[in-house]
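Hi everyone, thanks for coming. Could we bring the structure up on the screen so that we can walk through it together?

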Number of protein chains: 4
Amino acid sequence: MERKRLNIGLIGVGRIGKVHAEHLRYRIPRANLAAISDVNLAAAQECAARLGVARVEADHHALLNDPAIDAVVICSPTDMHATMIEEAANAGKQIFCEKPIARTLGEIDQALDAVAKAGVALQIGFNRRFDPNFARVRKAILAGEVGEPHLLHIISRDPGPPPIEYVRVSGGMFLDMTIHDFDMARFLIGDEVEEVYAAGAVRVDPAIGEAGDLDTALVTLKFKSGVLCVIDNSRKAVYGYDQRVELLGSAGGAAVSNNHPNTAVISDATCVHRDLPLNFFMDRYLESFLVEVAAFVDAVLDGTPTPVTGVDGRAAVALGIAALRSHKENRPVRLEEVK
Amino acid sequence: MERKRLNIGLIGVGRIGKVHAEHLRYRIPRANLAAISDVNLAAAQECAARLGVARVEADHHALLNDPAIDAVVICSPTDMHATMIEEAANAGKQIFCEKPIARTLGEIDQALDAVAKAGVALQIGFNRRFDPNFARVRKAILAGEVGEPHLLHIISRDPGPPPIEYVRVSGGMFLDMTIHDFDMARFLIGDEVEEVYAAGAVRVDPAIGEAGDLDTALVTLKFKSGVLCVIDNSRKAVYGYDQRVELLGSAGGAAVSNNHPNTAVISDATCVHRDLPLNFFMDRYLESFLVEVAAFVDAVLDGTPTPVTGVDGRAAVALGIAALRSHKENRPVRLEEVK
Amino acid sequence: MERKRLNIGLIGVGRIGKVHAEHLRYRIPRANLAAISDVNLAAAQECAARLGVARVEADHHALLNDPAIDAVVICSPTDMHATMIEEAANAGKQIFCEKPIARTLGEIDQALDAVAKAGVALQIGFNRRFDPNFARVRKAILAGEVGEPHLLHIISRDPGPPPIEYVRVSGGMFLDMTIHDFDMARFLIGDEVEEVYAAGAVRVDPAIGEAGDLDTALVTLKFKSGVLCVIDNSRKAVYGYDQRVELLGSAGGAAVSNNHPNTAVISDATCVHRDLPLNFFMDRYLESFLVEVAAFVDAVLDGTPTPVTGVDGRAAVALGIAALRSHKENRPVRLEEVK
Amino acid sequence: MERKRLNIGLIGVGRIGKVHAEHLRYRIPRANLAAISDVNLAAAQECAARLGVARVEADHHALLNDPAIDAVVICSPTDMHATMIEEAANAGKQIFCEKPIARTLGEIDQALDAVAKAGVALQIGFNRRFDPNFARVRKAILAGEVGEPHLLHIISRDPGPPPIEYVRVSGGMFLDMTIHDFDMARFLIGDEVEEVYAAGAVRVDPAIGEAGDLDTALVTLKFKSGVLCVIDNSRKAVYGYDQRVELLGSAGGAAVSNNHPNTAVISDATCVHRDLPLNFFMDRYLESFLVEVAAFVDAVLDGTPTPVTGVDGRAAVALGIAALRSHKENRPVRLEEVK
């Protein structure tokens with residue numbers, strides 16, 4: 001067990017930050033969680049104490065200035081991502097950052113420029129790529145099990161809408177929720193989108209519409225290769241978190257279903273039934289949060305490319321911006337319009 | 001068994017005509033298959049002999065002029081449907097006609113006018129409404145099992161494209177194939193479409209593109225009530241005929257899967273597998289062809305409305321025309337444009 | 001359509017007799033339903049009139065004495081099967097007979113002797129062999145998909161117990177209900193049973209126990225080849241007719257599930273559910289009743305062996321007798337004990 | 001986080017010992033893994049170093065003599081379980097012990113006597129009770145979802161037989177493998193078995209038979225309450241680890257299926273297929289090993305009964321002994337015979 005470990009500083013111990021911290025501490029043998037920072041120092045201290053992490057800071061610059069820190073995992077609020085990426089790149093740190101990089105392409109490009117100049121690794125937290133179900137579909141495409149892709153469906157529905165206060169500052173459903181699906185589409189097809197048409201509606205809660213957002217949408221993507229894709233989003237599926245994809249290729253189809261807490265099927269005098277799927281992302285995707293960070297650690301230590309790059313992070317945001325414009329102007333929008 | 005039976009004349013004994021003939025003869029107790037006509041007299045005679053039907057004609061007018069015939073089932077080629085509906089209406093016959101009524105709204109309106117003037121019943125052969133899977137989804141909506149509809153997916157893929165000669169005269173995929181799905185969308189949601197956006201592609205066979213048609217499409221429908229629907233079409237799913245729908249409503253979701261020839265699941269050292277779904281419409285929808293005609297016979301004898309009207313037949317064609325225009329002009333098309 | 005058809009006399013128009021009559025008349029092109037007999041002449045007349053069968057008799061001997069009748073389909077009460085088989089064989093008729101042949105091996109042997117002497121064909125009505133699900137499992141074994149069989153489960157449960165009057169004269173659950181499963185075990189494995197152990201219980205209704213019968217059982221079979229099999233019977237599965245098998249072989253496993261009226265799956269805020277399986281044998285096995293008689297007609301006309309022989313009919317009864325003895329004496333019973 | 005933690009000494013760091021050690025260290029907040037012992041001191045040291053456990057011993061008595069140790073987790077070879085339980089009880093330690101307690105009832109009774117005298121807690125490692133699938137079936141029974149139990153099936157098949165050297169010292173399939181299923185049957189039904197009938201065979205590998213053991217079996221259990229149960233065992237299911245139960249009750253049925261690595265279903269021109277189930281117990285039951293030990297820790301700290309008692313451990317062994325006798329003498333064996 002003498003091989004080199006990656007010394008990591010974690011920035012931000014909100015919900016997802018805590019998950020990454022625990023994984024880095026206990027379940028990723030090649031990682032050493034060296035320090036934790038949060039503007040809420042007490043929160044950082046509590047987390048560090050529980051995990052036995054020695055160093056705690058309120059200011060993340062302390063981590064960036066520490067030469068013993070090899071890499072940072074950025075879990076701060078979205079509006080700080082781009083700046084922190086730039087700072088970390090300038091400090092020569094390897095970078096894992098939660099999605100989205102930013103909500104404007106200008107901020108993103110500035111951050112990616114800094115990363116390119118510094119020559120550091122950058123991975124964006126599109127964890128769903130590391131989910132066994134979706135990874136299996138990608139593998140089916142790569143292995144030729146389904147031939148050349150023709151049509152892709154992505155179903156992505158939350159169990160319920162976020163608080164209306166959150167909706168107001170979320171950047172809109174396309175950037176807040178669909179962004180994961182844009183990345184999934186690009187990941188599965190392995191190609192770039194040329195044109196977007198978004199049909200949105202307010203079906204779940206009028207208050208969401210009053211806040212200027214949507215809660216229901218069908219987004220059609222045309223890929224450069226000619227593949228057609230539709231993303232189906234809803235802020236509310238009463239039966240729980242609904243996360244599926246389905247692909248038709250020239251040689252076959254691949255589809256995944258939801259994950260359930262158990263496989264028990266009960267038949268009574270009324271119907272045949274089973275328990276609802278896992279309810280939300282912390283249950284459904286817990287394992288993928290571990291695998292993505294382990295993959296980042298491996299990539300950095302082994303000098304291989306990170307599996308989700310800054311380009312991926314930028315592309316998903318561009319698609320979100322295009323979808324929003326398409327919805328507002330009710331017309332197909334070509335991606336070059338939002339460059 | 002003394003109750004009145006409906007005396008029926010069948011016009012056209014091609015593939016679907018033969019199916020209707022057999023059902024009318026043996027499996028619909030309230031129907032009496034009194035006569036068969038086909039311009040190909042030998043074909044009509046062969047069919048009549050096999051089923052023990054006494055009267056055979058080359059000219060369908062003989063049936064229309066026979067006062068003993070109560071109703072006609074029109075299974076002629078598409079380009080004769082509208083004229084025959086008009087003639088049958090003028091002759092006072094009750095009418096069951098295969099889809100589509102015609103390929104232009106002008107022809108359809110003329111036929112429907114004649115039906116209205118004559119006050120006869122008209123049912124269009126959208127058999128899928130009578131399939132137990134789709135009927136169950138409709139029932140779920142009507143019974144409030146899934147609440148108010150929000151999002152509908154219709155997957156409708158053929159096992160393989162028709163011959164290229166057929167493609168050339170088919171009227172295009174939207175009128176030839178998607179027309180069933182347009183009707184399914186209207187049937188399930190119980191509302192009219194306001195706007196159509198069609199993204200089409202040639203993915204299966206370049207020869208289809210050279211013939212001026214598509215083989216792959218995603219069609220987005222916006223209903224007046226705000227429901228969003230996407231129809232997924234492909235001319236080729238190598239695993240067989242793929243016919244599914246999936247609905248998300250405010251109180252739940254409903255989804256159907258394909259029908260398989262058996263339920264056997266085999267697990268070997270490689271994978272867990274089962275046989276492919278039923279391959280094409282004659283296997284998959286056989287029962288629905290029986291149920292739709294039985295429903296027509298019941299409606300006429302009982303004096304109740306036919307379950308699929310001329311308005312339904314017209315609406316599906318209007319949607320096909322709108323989809324084609326949307327695809328050609330790459331923009332959403334409102335239904336009032338094609339009125 | 002000039003090829004020879006088999007002229008058939010149907011004996012007994014109870015529930016299953018009516019089903020066979022309709023199939024023979026309409027859905028088996030190589031059969032000609034020439035005559036119908038029933039001691040209840042009015043019932044025979046009603047059935048014949050509905051199907052357009054010219055000849056009706058109260059006494060089945062009239063059919064046996066008619067040289068124009070090639071074959072008989074015996075659907076009389078069980079206690080007349082053996083005698084009628086013998087008579088029909090002596091009259092040189094080909095024979096299809098409902099199960100069981102009789103409830104004692106002595107009667108069966110006498111009937112089979114007559115059949116052998118006359119050199120006529122005999123097929124016993126074990127219709128489940130012709131069900132697509134079970135046929136697929138048999139095919140998997142024959143095709144080597146699962147290797148050499150090791151373990152077989154047969155689940156066979158009725159939706160509810162028959163009337164207690166029926167229970168009293170039924171011959172007991174093993175001869176009345178399990179007999180189908182004994183045949184299924186022999187059919188799937190393609191081998192003879194050496195030893196039977198039956199564990200029975202009264203769990204559904206004490207009245208069944210008071211009538212001297214069981215309503216719940218696990219029957220273990222040891223085949224000569226060493227395959228182990230367990231049959232699970234219950235007179236009452238509240239969710240409907242439960243008819244499944246599952247096989248483990250050296251190279252894989254094969255399992256079938258129940259047939260449902262539709263494939264719709266509904267997810268609401270409570271659970272994921274679907275409609276109950278088809279409720280009882282007339283729905284579940286309707287198609288197999290057609291296929292078995294068509295196979296009989298083919299075998300006779302083509303001079304090939306019938307697919308379910310008198311030996312098969314005898315073996316199932318012998319297993320029922322062995323099971324009953326095993327249950328009563330609470331010990332494994334070897335088949336040679338009941339020869 | 002100031003609440004009391006349970007100080008635990010782990011005895012034996014073989015495969016399952018390592019799993020428990022990791023869970024105790026990282027994933028059970030109320031446990032403190034204070035010390036590790038193994039006769040192979042180097043193995044204990046390696047494990048302790050990796051997990052940051054300060055104390056390591058070759059001799060487990062050092063742990064038993066340490067007043068700071070509250071409880072022991074015994075993962076030594078089977079033939080040492082009973083002695084160690086006795087020693088630990090005499091030392092006043094709370095005890096978690098892997099199954100089986102011993103292979104003779106005499107040894108077990110002596111160990112349980114010591115536990116009773118000492119008044120300490122004892123939990124046996126029947127981890128499958130803590131699996132979400134089986135726990136859901138138990139919950140269905142307790143909640144009355146399926147009414148009163150009638151029939152239970154337990155399917156329990158390994159992906160492949162153990163090495164023949166292991167088979168020779170395993171105590172036989174009934175005590176080595178079926179013991180888990182005996183416990184599962186008692187757990188699900190919540191009742192004691194009255195009689196056992198075991199039909200065994202050698203189907204997988206003749207070498208297993210030559211070693212005096214079986215590789216294939218059907219074991220019928222009659223519970224005191226009248227419930228019938230069959231256990232299906234095979235040492236080799238080529239498609240992987242097959243672990244299912246199915247229950248029929250007076251008001252419904254409950255069945256679980258296997259766990260798969262992903263939910264992807266792939267349809268190609270040949271069949272519809274998915275990946276094989278999780279292959280063996282470390283994958284399939286990993287979570288249950290965590291939950292069982294966490295439950296032990298909770299029970300001890302909260303002063304509540306452990307969820308799997310010494311009585312449970314004894315009963316499973318008694319059933320194994322009865323099954324072996326039944327198989328050898330080919331007759332049903334009542335449980336009182338093996339008391």
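Let's begin with strand 12 of chain B, residues 252-255, which pairs with strand 13 of chain C in the antiparallel sense, over four bridges. Keep in mind that this is a predicted model. Which residue of strand 13 of chain C is the bridge partner of A255(B)? That partner is V265(C).

Next, the nonpolar cores. The largest has 230 residues, and I85(A), I95(A), I85(B), I95(B) and C229(B) touch the most other members. If you click on C229(B), leaving aside residues up to four places away in sequence, you'll find that C229(B) touches L152(B), I154(B), A185(B), I189(B), L221(B) and F223(B). Apart from that core lies another, of 228 residues, with A237(C), L276(C), V120(D) and L151(D) among them.

Finally, let's turn to chain A, which is divided into domain 1 (6-120) and domain 2 (131-284 + 316-338). How far apart do the C-alpha centres of these domains of chain A lie? They lie 28 Å apart. Six residues of domain 1 of chain A are in contact with six residues of domain 2 of chain A. The domain 1 side of that contact has four nonpolar, no polar and two charged residues.

Methods:
Residues numbered from 1 in each chain as written. Chains lettered and ligands numbered in written order. Predicted model: local features only at pLDDT ≥ 70, side-chain atom pairs only at ≥ 80, totals over all residues. Pairing = 2+ DSSP bridges. Helix = DSSP H or I, 4+ residues; strand = E, 2+ residues; numbered from the N terminus. Core = buried A, V, L, I, M, F, W, Y, C linked by C-beta atoms within 7 Å. Buried ≥ 20, exposed ≤ 12 C-beta atoms within 10 Å, placed from the backbone. Contact = placed C-beta atoms within 7 Å. Domains from an automatic or database assignment. Nonpolar A, V, L, I, M, F, W, Y, C, P; charged D, E, K, R; others polar.
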